[in-house]
Amino acid sequence: MSNYTFEEIRNIIISFIEPKLIKSDFDKNKLIDSTDLLGEGILDSFDFIDLVVYIEDQTHISVDLSQLNFDIFTTLGGFINEVLLQQK
């Protein structure tokens, strides 16, 4: 298993959420690390679970939901950092 960088995880997430950005009429160019994916309506709670599964499938990083910092994990950058922390 390789260690992923912030940018690599970000690109994987973008590939997952890109169709949702179009559906929610959110300008991809305005997507920054502090964007709240739930708060902006890009993802709903079920989409977040699907995103976790997608990340696990793409990276083989096991994401333990009980270990996530719920104060920041709904932002793009926060979620990426949480995934990176769980790399083994």
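Thr35 sits in the loop between helix 1 (6-23) and helix 2 (45-59); helices are DSSP runs of H or I of at least four residues, numbered from the N terminus. This is a predicted model, in which local features need pLDDT of at least 70 and side-chain atom pairs pLDDT 80 or more, while totals for chains, interfaces and linings use all residues. Residues are numbered from 1 along each chain as its sequence is written, and side-chain values use heavy atoms, without hydrogens and water.

Thr35 counts as buried because its relative accessibility is 7%; buried means under 20% relative accessible area, exposed over 50%, and partly exposed in between, with a 1.4 Å probe and protein chains only. Its side chain reaches the backbone oxygen of Ile32 at 2.9 Å.

Let me turn to the salt bridges. The structure holds three, each defined as a side-chain nitrogen of Lys or Arg within 4 Å of a carboxyl oxygen of Asp or Glu. Arg10 and Asp33 form one of them, at 3.1 Å from N to O. Arg10 belongs to helix 1 and Asp33 to the loop between helix 1 and helix 2, so this pair ties together parts 23 residues apart in sequence. Arg10 is buried, at 15%, whereas Asp33 is partly exposed, at 33%.

Which residue forms a salt bridge with Lys28? That residue is Glu18, the closest N and O atoms being 2.9 Å apart.

Finally, Asp47 and Lys20 meet at 3.5 Å, N to O. This pair links helix 2, through Asp47, with helix 1, through Lys20, 27 residues apart.

Key. Helix = DSSP H or I, 4+ residues; strand = E, 2+ residues; numbered from the N terminus. Polar contact = N/O pair within 3.5 Å; in protein donor to acceptor, adjacent residues only side chain to side chain.
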